[in-house]
Amino acid sequence: MVQLKSSKPVSVSFRIPYYTQWGQSLVVCGSEPVLGSWNVKRGLQLSPVHQGDELIWFGTLSLPKGFGPCEYSYYVVDDDRNVVRWEMGKKRRLLLPQTFEGGELLHLHDFWQVGADALPFKSAFKDVVFRRECTLEIEKPLGLIQNSLQNDDSLLVHFKVCCPNLQEGTSIYIIGSCSKLGNWKAQDGLKLFYAGDSTWHADCVLPKGDFPIKYKYCKCSKGGNISSETGPDREIALDSSITEPRYLFRSDGMLRELPWRGAGVAIPMFSVRSETDLGVGEFLDLKLLADWAAESGFHLVQLLPINDTSVYGMWWDSYPYSSLSVSALHPLYLRVQALSENIPTDIKVEIQKAKEELDGKDVDYEATLTTKLSIAKKIFAQEKDKILTSNSFQKFFSENQEWLKPYAAFCFLRDFFETSDHSQWGRFSQFSIEKLEKLISKDSIHYGVICFHYYIQFHLHMQLSEAAEYARKKGVILKGDLPIGVGRNSVDTWVYPNLFRMNTSTGAPPDYFDKNGQNWGFPTYNWEEMAKDNYAWWRARLTQMAKYFTAYRIDHILGFFRIWELPEHAMTGLVGKFRPSIPLSQEELERDGIWDFDRLARPYIPQELLQKKFGDSWTFIASSFLNEYQKNRYEFKEDCNTEKKIASKLKSFSGRSLLQNEDHIRQELFDILQNIVLIRDPENLRNFYPRFNLEETSSFKDLDDHCKNVLKWLYYDYYFHRQEILWRANALKTLPALLNSSDMLACGEDLGLIPSCVYPVMQELGLIGLRIQRMPSEPGLEYGIPSQYSYMTVCAPSCHDCSTLRAWWEEDEERRQRYFSSMVGSDLLPPSRCVPEIANFIIRQHFEAPSMWAIFPLQDLLILKEEYTTRPAKEETVNDPTNPKHYWRYRVHVTLEALIKDKELTSIIKDLVLGSGRSHPGKHAEKQVIPESPIATTEKKQIASGKEKAYVATPLNGVPRKEAVAVPN
């Protein structure tokens, strides 16, 4: 704390340029009472002044005696002082110099911090990409001022800048337009001192006659190489409209450099193949994968979710997005050979036999998991006393018991009752701490079973931690995946039932992935209940994830703005509504002349529709499933008026000749059930929601023109206009809770039907989006143009939810021709196979994109070499989103050991990385190839496929370098 030498108070003036909208203003709020004690309504409101083309906000306050170090941030508020948005990144610190005297005026020149400004301090960069073997020593902490003022004709200026990526022995200088800043000569510039936390600062006394001054920051290496920051000169001018300060503290944000760009590989954990694994990829295989990634020039390995999904005890559990627990790891990925150093010979023989039997083309989920757990139980029987009493286990148990105890109890009860449906567990259906502690107590006869689940999770934790630390040291980020939902029959819905709407189901409206929409079966979240403890469940989930990962993908990030909610009895994803959303009220509809709500909100089933769909069988269908409530008009019977009831009743007809094609009959009945225009809100019967794609229904087509026009306008208003403010506010309540729970780098999967509020919010929060070329976010395009992607994105030619690049190329001749014409620029006949030259062209497009990350599925990278394309392309698809019971079992057909030995493939990939100017592990040891300016060149390659020949015009696009929101290189 500063002890002022005078009884006069110190005044602090805040200055920040920022454009607001009409009715908005800026407030500075901080940790001390004089700044509102983090109550924005009591913070210091700033006043705007136009200076040139900038809007500058000013405010001054007097600091009370005894004022200590203070944190503060800037906020945008409306006329009622409600927060509209706030700065991202770290809290600022107001620290008065120790030599400061009372009566002084200190000017703080700040700049608004956006989400991207915080990215270099995320663990992905701080602990992996920019990881230092040695720690920089603090040369001068903040608050220490080197110089002092001697007269009134001078000004003490304190400069501060952040630079998280600095090689050993490199210093930072300021060069500028005055003699104290070297007159633009680096050797005479002002040297900055390290203050910790990637912050550098220095101060100097400048004559007022030198202002305005222009300057830049630059790096100077041990060898004398000097690199100045990019962008225009920075400038400090004295404001003539206010009292001239004697002290000016300038916070310049980030040292501006060429935007950092990296590359990565994506592969599900279960798809990895090694010479050591038992039928499936294992956590310890990630060490080999990190070796291959680093050798190929990749800074990142992206996985699908790795949580335990053992809900049904069968291959349905292969679906990685329906977790049994959001904290427990999947036993499938356990390496049983690493459980003990003293495995008996008979068990070693069993392991070797299992290894041979499970080494198939695809994952045999059930056999693999059963085998691993069987072997693990035998090793546990001889090792349990040693492991359970060890210090490492006790530490693990202490740090994880909050989720580990309920998880182990759930697994026991699941097996005991032979179901994960906890509503069938009798007195254990309702979770309580008292019941839990009794069930898992050491006196319980089931204690050994409980301890086995502890034991498995402990070893999974140790093996994944070992692999994660190994990857960090190799300069490789492990990127995890955060599913949007949790399994309906899961530990989390058992322990925290109040956090979920168990009578609903989560999905997605019709989009690229499925024209009929998707129904994932997860209960939707009760966000209002979650907010009561500041989203503690989410914060715990992210904290757990951060133990292993330094980056993560937020699955279906649109769900944090609004979620597509379906009734629990639905099987498809078409007839849903968004939550939250502003419905169409009955009063609103009546004002527009819409009155017949029964006609619009119930299935419209005229006799001619039944005859059209079922032909001669229509009478049997009608008598079995429908009632005729008026002449030639039908409604569903009570026992089949939902999708689940229809499916159940159809099974009772199994084997009858009239229903030989059960799937077709079920789909037609579903179509009739979905033949509605409005969905009535079950929570408020006077509210309605327009059915998605309502114009395609015969119910809509049979309406009069007035009703059609009104409903079309209301449909557009509901889906594309009236919700935007609500959805933005919802995302700004929920997403920061996730982002602030860890220092992992966050990327959002923002594919599908994108509301207009999504991209601004993601930019504001510093979230990195996703761009898949075949799913362009720009209207009117069939294919995205990688050279036009924004910096804050991950670009990829495909992902796990669609066909691979090779399968996509080969499955549609007309589409292939359109791509070849528009993207390659050739009217010649493209090859029918995705030969290495085609793959190279498409992959290089993505490497050279401005996107911060280019991440490629391993299957797409293997196309770069002909010998890896012998497997049928369709077999390499990870998931088919149109099939809710898809078997997730794809395995790479080549081992990691073989890939590491293939120097030709790693060389091809590494050359693409280097040629694109992207960073790669070990870049400090090698000179990076970074284009000095945007250059476009063209090369032509002949592509032969059987008798087909064509030339590919391959643009090597220069990368537009943006400075506004860039992680420094």
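**Reading a predicted model by its cut-offs**

Guide: In this model, which is predicted, Pro580 lies in the loop that joins strand 28 (577-579) to strand 29 (584-585).

Visitor: What makes the peptide bond from Arg579 to Pro580 cis?

Guide: The omega angle of the bond from Arg579 to Pro580 is near -5 degrees, and the bond is cis. Most peptide bonds are trans. Another cis bond runs from Phe211 to Pro212, with omega near 0 degrees, and Pro212 is in the loop between strand 14 (199-207) and strand 15 (213-220).

Visitor: Why is helix 3 called roughly antiparallel to helix 4?

Guide: The axes of helix 3 (residues 345-358) and helix 4 (residues 365-388) cross at roughly 175 degrees and come within 11 Å. Angles over 145 degrees count as roughly antiparallel, and therefore helix 3 is described as roughly antiparallel to helix 4. On the side of helix 3, the contact is made by Ile347, Glu350, Ile351, Ala354 and Leu358, while helix 4 contributes Ala367, Thr368, Thr371, Ser374, Ile375, Lys378 and Ile379. By kind, the residues of this contact are 7 nonpolar, 3 polar and 2 charged.

Visitor: How many disulfides does a search of the whole structure find?

Guide: The search of the whole structure finds 0 disulfides.

Visitor: How do you know that the sulfur of Cys70 is too far from the closest cysteine sulfur for a bond?

Guide: A disulfide needs two cysteine sulfur atoms within 2.5 Å, whereas the sulfur of Cys70 is 8.9 Å from the closest one, in Cys29, and that is too far for a bond. Cys795 is likewise in no disulfide, with the nearest cysteine sulfur, that of Cys747, 12 Å away.

Visitor: Are Cys70 and Cys795 buried or exposed?

Guide: Buried means under 20% relative accessible area; Cys70 has 1% and is therefore buried, and Cys795 has 0% and is therefore buried.

Visitor: Why is Glu638 called exposed?

Guide: Exposed means over 50% relative accessible area, and Glu638, at 60%, therefore counts as exposed. Glu638 is placed in the loop between strand 32 (633-636) and helix 15 (643-652). Its C-alpha atom is separated by 39 Å from that of Trp537, which is 101 residues apart from Glu638 along the chain.

Visitor: What is the phi of Asp197, and what is the phi of Tyr535?

Guide: Asp197 has a positive phi of about 55 degrees although it is not a glycine, and Tyr535, also a residue other than glycine, has a positive phi near 60 degrees. Most residues other than glycine have a negative phi. Asp197 is in the loop between strand 13 (193-196) and strand 14, and Tyr535 is in the loop between helix 9 (527-531) and helix 10 (536-545).

Methods:
Residues are numbered from 1 along each chain as its sequence is written. This is a predicted model: local features need pLDDT of at least 70, side-chain atom pairs count only at pLDDT 80 or more; totals for chains, interfaces and linings use all residues. Side-chain values use heavy atoms; hydrogens and water are left out. Axes are lines fitted to C-alpha atoms, for helices over the stretch in contact, and angles run from 0 to 180 degrees between N-to-C directions. Helices (H or I, at least four residues) and strands (E, at least two) are DSSP runs, numbered from the N terminus. Angles under 35 degrees count as roughly parallel, over 145 as roughly antiparallel, 65 to 115 as roughly perpendicular and the rest as oblique. Contact means heavy atoms within 4.5 Å. Ala, Val, Leu, Ile, Met, Phe, Trp, Tyr, Cys and Pro count as nonpolar, Asp, Glu, Lys and Arg as charged, and the others, Gly among them, as polar. Buried means under 20% relative accessible area, exposed over 50%, partly exposed in between (1.4 Å probe, protein chains only).
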